[in-house]
Amino acid sequence: MAAMGSLETVKGDTKERKLFAILVCWLLGNGSLLAWNSMLTIEDYYSALFPKFHPTRVLTIVYQPCALITIGILTYREAKGNTRLRNLVGFVLFFVSSLGLIILDVATGGEGGISVFLGVCLASAIFGVADGFVEGGMVGDLALMCPEFMQSFMAGLAASGVLTSALRIMTKAAFEDSQNGLRKGALLFFAITCFFELLCLFLYAYVFPKVPIVKHYRMKAASEGSLTVAADLVAGGVKHRTQSQIAAEEDPQLLGRLSTKDLFLQNIDHAISLYLIYVLTLSIFPGFLSEDTGTHRLGTWYAIVLIAMYNVLDLIGRYLPMIECIKLTSRKGIMAATLSRFLLIPAFYFTAKYGDQGWMIFLTSFLGLTNGYLTVCIFTEAPKGYKAPEQNALGNILALCLLAGISSGVTLDWLWLIGKGW
């Protein structure tokens with residue numbers, strides 16, 4: 001009886017530690033997009049500051065190539081990369097660039113102009129580089145652990161959008177009637193972002209590597225020949241190298257790891273699905289929702305409400321796959337659902353032209369729900385059945401395809417401006 005009680009205690013402790021690791025993954029996911037979402041959510045401030053430059057679209061189109069090029073280079077070199085260093089550099093860049101935006105605004109007294117706009121564009125580019133470091137690094141790292149960690153990280157990415165939208169609504173309500181209200185809200189946003197990025201830096205550097213279940217998965221990955229977890233194992237207090245690691249360093253072919261090309265070809269349907277999901281989403285969100293939906297009863301609140309609804313439903317969608325009976329695991333089913341979302345393009349066009357704000361809010365909510373749901377279905381299903389080094393590589397490949405889709409989507413978003421003076 002005593003032994004049984006001890007066993008139950010160990011199981012309970014393991015469950016609690018797993019839940020703690022899931023929480024940390026959620027916070028890290030939040031921090032991975034909080035800086036960029038903060039920049040997007042205060043688009044009304046930047047639109048007022050730089051009315052001639054279409055800041056929502058320009059900042060996005062500056063951000064995405066930087067993220068795509070960075071993750072492309074790191075994906076190519078992922079097999080021998082230092083995942084720990086990669087993620088830490090990313091969070092440092094998020095913090096430094098957020099702080100830089102505060103300094104720039106304070107130094108210029110909240111004035112506009114081309115030079116200030118270029119400074120904001122530089123910050124956007126740094127956010128893109130940081131995203132390329134963190135998103136691929138975290139997805140690759142979590143791909144070799146349990147699916148719950150990946151789902152929680154993905155939910156954290158969406159939660160950053162919900163958090164920024166909630167803060168934007170509160171700051172707009174609090175500062176709307178005050179002098180320089182938009183500016184005060186924007187500065188508060190980036191002050192919170194700086195704090196949160198420092199928190200993520202601390203969590204990833206000192207807390208996450210020491211969680212027992214995380215060390216377990218990384219030691220398992222090391223035993224299968226993964227070199228990317230070595231620095232994290234040292235940070236977690238594990239200093240020995242396995243025979244598999246030594247063999248992999250001497251001859252990577254000994255472990256029979258599939259090449260990046262083979263992994264891509266075996267998962268090309270998932271890669272295409274992710275690409276198309278984000279091509280569609282980013283061709284509508286946030287640029288179209290911010291500038292091309294006409295004038296409605298909500299006035300200046302309209303774009304904020306639309307973006308908030310997208311973010312909330314995106315977050316909800318990322319939790320739906322936790323219900324096994326509605327989780328989509330069929331590759332053909334995922335592809336069919338992805339292609340069917342393109343019917344949203346004519347739906348948004350005609351709703352913006354002839355519909356009222358209720359229908360637009362509904363469509364935006366559906367866009368977010370399906371985006372989050374399909375993203376988690378792919379990222380949690382694709383790595384199953386592979387060895388740890390292959391899971392890490394596949395995670396990087398899928399993150400690259402996601403960012404490629406985003407980059408294409410924000411480029412296509414400019415097509416909505418045809419016939420409007422551009």
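Guide: Let's take confidence, then salt bridges, then a surface patch.

Visitor: What is the average pLDDT of the chain?
Guide: This is a predicted model. The chain averages 84, and 86% of the residues score at least 70.

Visitor: Where is confidence lowest, and where highest?
Guide: Helix H10, residues 243-250, is lowest, at a mean of 48. Helix H15, residues 331-340, is highest, at 96.

Visitor: Switching topic. How many salt bridges?
Guide: Ten. One of them pairs Asp105 with Arg183, at 2.5 Å, N to O.

Visitor: Which helices does that pair tie together?
Guide: Asp105 lies in helix H4 and Arg183 in helix H7, so the pair links parts 78 residues apart in sequence.

Visitor: Are those two buried or exposed?
Guide: Both Asp105 and Arg183 are buried. Lys18 and Glu148 form another salt bridge, at 3.5 Å. Lys18 is partly exposed, at 24% relative accessible area. Glu148 is partly exposed too, at 34%.

Visitor: Which residues make up the salt-bridge network?
Guide: Arg84, Asp141, Arg218 and Asp232. Within it, Arg218 meets Asp232 at 3.7 Å, and both are buried.

Visitor: And the surface? Which residues form the nonpolar patch?
Guide: Phe264, Leu265, Ile268 and Ile272, with about 310 Å² of accessible area together. Helices H11 and H12 each give two or more residues to the patch.

Terms used: Residues numbered from 1 in each chain as written. Predicted model: local features only at pLDDT ≥ 70, side-chain atom pairs only at ≥ 80, totals over all residues. Heavy atoms only, no water. Patch = residues over 30% accessible without salt bridge, like charges linked within 9 Å, V, L, I, M, F, W, Y side chains within 5 Å. Areas by Shrake-Rupley, 256 points an atom, 1.4 Å probe, with all protein chains shown as cover. Salt bridge = Lys/Arg side-chain N within 4 Å of Asp/Glu carboxyl O. Helix = DSSP H or I, 4+ residues; strand = E, 2+ residues; numbered from the N terminus. pLDDT = per-residue confidence, 0-100. Buried < 20%, exposed > 50% of the residue type's maximum accessible area, 1.4 Å probe, protein only.
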